Amino acid sequence: MSAPSGTLSKTFPQVNRNKKSIGLSFASEAGQKILHSLAKTSDILVENYLPNTLKKYHMDFASVNALNPRLIYASVTGYGQTGPYSSRAGYDVMVEAEMGLMHITGPRDGPPVKVGVAVTDLTTGLYTSNAIMAALIARGKTGKGQHLDVALSDCQVATLSNIASSALISGESDSGRWGTSHLPYRSFPTRDGDILLGGGNDRLFAILSTTLSHPAWPTDPRFSTNAARVANRDLLESLIERETRSRTTAEWLTAFEGKGVPYAAVNDVQATMRHPHVLARGMVEE
């Protein structure tokens, strides 16, 4: 594929790199015949239409399965093949909002925030690829394909992870956008940027406190346990911020190097693309 031109978005080559394509009309009999011939010899078919949309074109699972019982047919939709919302079109931002992610993302006193990338779309793609791999293994044992029903909504609920389990166990409303119940565990401003610091248990908090030149914090009753740190969150975070603002990000990175606590510079995308580890791992190639 050629480099982006003035009429080609930057996203297009990113999502279509190394793909081959053919344009067909489902509405024409000739187009359906070509699709059916492809389905007869294919291992996997992935479709992204509302449930039952493809039935009139004889491209639904039942029709294609009759042509090729070994075919793995993956349907990726907003809300799945069943349920009261199954007929609704689904978009990443809708599902982030409706299925809890925006509620837990963003500053404590600010509005709900969408994640910076279409993370629900991406995780759904990962779940789909895993499901396809599992279906291939199953086909090796049974000789049969299957219909995979993958929904953005399902995948987003699944990735709520421990936040969802906590809500189910407690049966109570969650506390909103704290980010984490361990303290400290967020980014703090430096003299020239931001740095992520984590002190999720008493041992790590002691190391962090010493590195910040406050070795007495771990014995202060206000900060001596995680519960105490949570109760005094605003005070503790303001004290940490006062210290982090005193040095540059690079100086703090040097100070925390080898200490065993979670720490990292908060990089923008260009800095990430030029990061020495990213380049060493071959994640960006010319």
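These legends describe close-up views of a predicted model.

**View 1. The largest nonpolar core and its main members.**
The largest nonpolar core holds 16 residues. Leu 197, Leu 212, Trp 217, Ile 240 and Phe 256 touch the most other members. In soluble globular proteins, nonpolar side chains tend to be buried together.

**View 2. The surroundings of Leu 197.**
What does Leu 197 contact, leaving aside its neighbours within four places in sequence? The list includes Pro 184, Tyr 185, Arg 186 and Phe 188. Leu 208, Ile 240, Thr 244 and Phe 256 are also in contact with Leu 197. Pro 262 and Tyr 263 complete the set.

Strand β4 (residues 185–189) pairs with β5 in the antiparallel sense, over five bridges. A hairpin of four residues joins β4 to β5. Ser 187 has Leu 196 of β5 as its bridge partner. β5 also pairs with strand β6 (residues 263–265), again in the antiparallel sense, here over three bridges. Leu 196 has a bridge partner in β6 too: Ala 264.

Is strand β2 (residues 72–77) enclosed or open? Six of its six residues are buried, so β2 is largely enclosed by the rest of the structure. In a regular strand the side chains alternate between the two faces of the sheet. Ile 72, Ala 74 and Val 76 lie on one side of β2. Tyr 73, Ser 75 and Thr 77 lie on the other. Both faces are covered. Strand β1 (residues 44–47) runs parallel to β2, joined to it by four bridges. Leu 45 stands opposite Tyr 73.

Helix α2 (residues 29–40) has twelve residues. At 1.5 Å a residue, they should span 16 Å. The end C-alpha atoms are 16 Å apart, which agrees. Gly 31, Gln 32, Leu 35, His 36 and Ala 39 of α2 are buried. They cover an arc of only 135° around the axis, so they sit on the same side of α2. The buried residues of α2 pack against α3 (61–67). Leu 38 is also found in α2. Leu 38 is partly exposed, with a relative accessible area of 42%. How far is the C-alpha atom of Leu 38 from that of Thr 272? The two are separated by 41 Å, and the residues are 234 apart along the chain.

The whole structure has nine salt bridges. One of them joins the side chains of Glu 29 and Lys 33, at 3.7 Å from N to O. Side chains of opposite charge can pair when their charged atoms come close. Why can this pair be described as about one helical turn apart? Glu 29 and Lys 33 are four residues apart in α2, which means a separation of about one helical turn. Glu 29 is exposed, with a relative accessible area of 57%. Lys 33 is exposed as well, at 55%.

Asp 92 forms a salt bridge with Lys 114. Their closest N and O atoms are 3.8 Å apart. Asp 92 lies in helix α4 (residues 92–98), and Lys 114 in the loop between α4 and α5 (119–142). The pair therefore ties together parts that are 22 residues apart in sequence. Are the two partners buried or exposed? Asp 92 is buried, at 6% relative accessibility. Lys 114 is partly exposed, at 34%.

The side chains of Arg 245 and Glu 241 meet in a salt bridge of 3.0 Å, N to O. Arg 245 is partly exposed, at 47% relative accessibility. Glu 241 is partly exposed too, with a relative accessible area of 23%. Elsewhere, salt bridges that share partners join Asp 92, Glu 96 and Lys 114 into one network.

Definitions and conventions
Residues numbered from 1 in each chain as written. Predicted model: local features only at pLDDT ≥ 70, side-chain atom pairs only at ≥ 80, totals over all residues. Heavy atoms only, no water. Core = buried A, V, L, I, M, F, W, Y, C linked by side-chain atoms within 4.5 Å. Buried < 20%, exposed > 50% of the residue type's maximum accessible area, 1.4 Å probe, protein only. Contact = heavy atoms within 4.5 Å. Helix = DSSP H or I, 4+ residues; strand = E, 2+ residues; numbered from the N terminus. Expected span 1.5 Å × (residues − 1). Arc of directions from axis to C-beta. Salt bridge = Lys/Arg side-chain N within 4 Å of Asp/Glu carboxyl O. Pairing = 2+ DSSP bridges.
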